[in-house]
Amino acid sequence: MNATQVTVRNVRTVGDETVALELETPPEFDAKPGQFVLLRATVGGEDVSRHYTLSSADVEETFEITVGVDPEGDLSPWLADREPGDTVTVEGPFGTVFYEDEDVVLLAGGPGVGPAVGMGERALADGHDVAVVYQDDSPAHEDRLATLAAGGATVIITDGEIDDAVAEVVDGGQVYVFGFREFVDDSVAAIDSAGGDSDDAKIENFG
C-alpha cells in the first residue's frame with residue numbers, strides 16, 4: 001500500500017509511557033500479525049517517520065500499533081497527543097516475519113509485547129497453543145496478557161533473565177522473537193541453551 005491517510009479511531013494508555021493507536025483500516029490493507037507499517041507525519045515543520053509493528057489480532061475494520069512514548073522523541077509524543085478523527089499517513093504493510101496459522105512461542109522484549117499480544121490473540125482464536133515470555137521492568141498490555149492467560153496461554157513476565165522461562169516453552173511451537181538487539185541476542189542464546197534451534201526462529205530485530 002502506498003502512502004495513505006488513515007483516521008485515528010482511538011488512543012489509549014496501555015502502560016507506563018506507552019499508548020496504543022487504533023487506526024481505521026484503509027482499502028486493500030491486508031496485513032498479518034507480526035508485520036509492520038511506516039508511519040509518517042509533519043511535526044514542528046519537519047517530516048518524520050518511524051516503523052511500528054501491528055499489535056492487533058486482525059485488520060478487519062481497524063488495526064492497532066503500540067507506541068513507546070519518549071518525551072524527548074520527535075514523533076512518539078505527537079502520536080500520543082492524537083485524538084479520534086485526526087489523521088496520520090501510513091505505508092505498508094512490510095515484513096517477512098508474520099503469523100502463519102500455527103502454535104506459537106512468542107519471546108518479547110520491551111516494545112516487542114505489541115506484536116506478541118496481537119499474534120497470541122490471533123493464534124488462540126484459531127485454536128492453537130500459545131506461550132509468551134515477556135521481559136520488561138515496566139510491563140505494558142497487562143490486561144491483554146491476563147486475558148491470554150485466562151484463555152489458556154502460558155504467559156511469563158519477567159524483569160530479569162529469560163533462560164529458565166524460554167526452557168519451559170521452547171518446544172511449544174514456532175518461535176518468534178520481537179525486540180531490540182540485546183534482547184534478540186539473549187533470546188537466541190536462551191533458545192539454543194534450552195535445546196532449541198535458533199536458526200528456525202522468526203526474528204524481528206528492532207535495532
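Gly-173 is found in the loop between helix H4 (163-169) and strand S10 (174-179), where helices (H or I, at least four residues) and strands (E, at least two) are DSSP runs numbered from the N terminus. This is a predicted model, in which local features need pLDDT of at least 70 and side-chain atom pairs count only at pLDDT 80 or more, while totals for chains, interfaces and linings use all residues. Residues are numbered from 1 along each chain as its sequence is written, and side-chain values use heavy atoms, with hydrogens and water left out.

With a relative accessible area of 29%, Gly-173 is partly exposed; buried means under 20% relative accessible area, exposed over 50%, and partly exposed in between (1.4 Å probe, protein chains only). Leaving aside neighbours within four places in sequence, Gly-173 is in contact with Asp-103, Val-104 and Val-105, contact meaning heavy atoms within 4.5 Å.

Glu-64, in strand S5 (residues 62-68), counts as buried because its relative accessibility is 7%. The side chains of Glu-64 and Arg-12 are joined by a polar contact of 2.8 Å, that is, a pair of N or O atoms within 3.5 Å, of which, within protein, one must be able to donate a hydrogen and the other to accept it, and residues adjacent in sequence count only if both atoms are side-chain atoms. When residues up to four places away in sequence are not counted, those touched by Glu-64 include Arg-12, Leu-54, His-141 and Arg-144.

Arg-144 also belongs to helix H3 (residues 142-150), whose buried residues are Arg-144, Leu-145 and Leu-148. Because these residues cover an arc of only 100 degrees around the axis, they lie on the same side of H3; the arc is that of the directions from the helix axis to the C-beta atoms. Asp-143, Thr-147 and Ala-150 are exposed on the other side of H3. The cover over the buried residues of H3 includes strand S1 (4-15), S5, helix H2 (113-125), strand S8 (130-135) and strand S9 (154-158).

Several backbone angles also deserve a note, and the table lists the phi values.

| Residue | Phi |
|---|---|
| Gly-152 | about 115 degrees |
| Glu-28 | near 65 degrees |
| Asp-101 | near 55 degrees |

Asp-101 is found in the loop between S6 and strand S7 (104-109). The peptide bond from Gly-92 to Pro-93 is cis, with omega near 10 degrees, and Pro-93 is found in strand S6 (residues 87-94).
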